[in-house]
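Welcome, and thanks for taking a look at this one with us. Please keep the structure open as you read, so that you can find each feature for yourself.

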Amino acid sequence: MHYVILRDDDTNALTPVNRLEKLYRPFLDRGLPVNLAVIPEVRLDARRPDGGIEGFLPGGHRPSAGTRRMEENPTLVAYLRANSGYHVAQHGCFHDCFEFDRVGQKAATHLMERGARRLHEAGFERPHAFVAPHDRFSRSGLAAAARRFEVVSTGWFELGRQPLAWWPHYSWKKARRAPHWQVGRTTLLSHPGCLLSRARAPETILPAIRRQVEGQRLTVLVTHWWEYFDAGQPVSAFVDVLHETADYLANTPNLRVISFGELARGGAPLS
């Protein structure tokens, strides 16, 4: 049996409901869980590492000081809670650039607690999983995430960013060439890059997903909802690939799509 976790990053209080509905209705109708990495209190002038405005802020949005909490968009919150196929993971706190790559343990813990409080205020259950903005952790940030969450999902792991006490576990993972590993009660997941990305030619995406899924026991597929739209309009070729992926995931024998929560409950082996 092969397992897939679909992770969509960057849902926030400014995300239009109709965009998530456009992308994920085929998944929800097939009973395929969609893990949304939700920004609890989005920064209204959030920047990419290159200094540009983040793509998850609306087109025409004028960057400004301040933040917007998830509970300030009751329409979005109601939509997510009404569709049980959505599963919320915590995606940082404000989504500042490299938010958990530049902080010590005390600051990381404060940000995680603030983000968790914002999700609770919006009515969401405590997330099982944490995703750092830009998939980057400092050593202290990673240790803080592992203390609070059952699952940490990121791009890759580097020895220099591991708590020293984890080094034997990390060395064993490297020796086995395992993409995923465990420290204490926390499962640490890597992913093979953003296979579902507009940076890739549409005709290459699904074949790449097939190869990845068939090549290992558990695959985390990462995408970003805002990449599927251009000036508010869906990019048909890219949306079509996402929906073809839903068909593949739903109709392939010996393949299951699971949530982070199911993994945390022991619902799938790591290798």
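Here is a short briefing on helix packing, salt bridges, backbone angles and a surface patch. Please bear in mind that this is a predicted model. The salt-bridge count comes to 18, and one of these bridges joins D247 to R30, parts of the chain that are 217 residues apart in sequence.

**Helix packing**

- Helix α3, residues 105-121, packs with helix α4, residues 139-148, at an angle of about 45 degrees, and their axes are 8 Å apart.
- The crossing of α3 past α4 is right-handed.
- Further along, helix α6 (residues 202-215) and helix α7 (residues 236-251) cross at roughly 30 degrees, with axes that come within 9 Å. This pair therefore counts as roughly parallel, since angles under 35 degrees fall in that class.
- Here too the crossing is right-handed, with α6 passing α7.

**Salt bridges**

- D247 and R30 meet through their side chains in a salt bridge, with 2.3 Å from N to O. D247 sits in helix α7, whereas R30 belongs to the loop between α1 (17-29) and β2 (34-38), so the bridge ties together parts 217 residues apart in sequence.
- What is the exposure of these two partners? D247 is partly exposed, at 31% relative accessible area, and R30 is partly exposed at 38%.
- D101 and R136 form a salt bridge whose closest N and O atoms are 3.2 Å apart. D101 comes from the loop between β5 and α3 and R136 from the loop between β6 and α4, so this pair links parts 35 residues apart in sequence.
- Within that pair, D101 counts as buried at 17% relative accessibility, while R136 is partly exposed at 21%. The two fall in separate classes because buried means under 20%.
- R161 and E158 also meet in a salt bridge, at 3.2 Å from N to O. R161 is partly exposed with 22% relative accessibility, and E158 is partly exposed with 33%.
- Bridges with shared partners join E41, R114, R118 and E121 into one network.

- F98 has a phi near 50 degrees, which is a positive value in a residue other than glycine. You will find F98 in the loop between β5 (86-91) and α3, the loop that also holds D101.
- Is F98 buried or exposed? F98 is buried, with a relative accessible area of 15%.
- H134 likewise has a positive phi, near 60 degrees, in a residue other than glycine.
- H134 is partly exposed, at 23% relative accessible area.

**A nonpolar surface patch**

- Which residues form a nonpolar patch on the surface? They are L159, L164 and W167, and together they have about 270 Å² of accessible area.
- W167 belongs to helix α5, residues 167-176. At 32% relative accessibility W167 counts as partly exposed, and it can join the patch because patch members need over 30%.

How values were computed. Residues numbered from 1 in each chain as written. Predicted model: local features only at pLDDT ≥ 70, side-chain atom pairs only at ≥ 80, totals over all residues. Heavy atoms only, no water. Patch = residues over 30% accessible without salt bridge, like charges linked within 9 Å, V, L, I, M, F, W, Y side chains within 5 Å. Areas by Shrake-Rupley, 256 points an atom, 1.4 Å probe, with all protein chains shown as cover. Salt bridge = Lys/Arg side-chain N within 4 Å of Asp/Glu carboxyl O. Helix = DSSP H or I, 4+ residues; strand = E, 2+ residues; numbered from the N terminus. Buried < 20%, exposed > 50% of the residue type's maximum accessible area, 1.4 Å probe, protein only. Axes fitted to C-alpha atoms, helices over the stretch in contact; angles between N-to-C directions. Left-handed = near helix turned anticlockwise from the far one by under 90°. Parallel < 35°, antiparallel > 145°, perpendicular 65-115°, else oblique.
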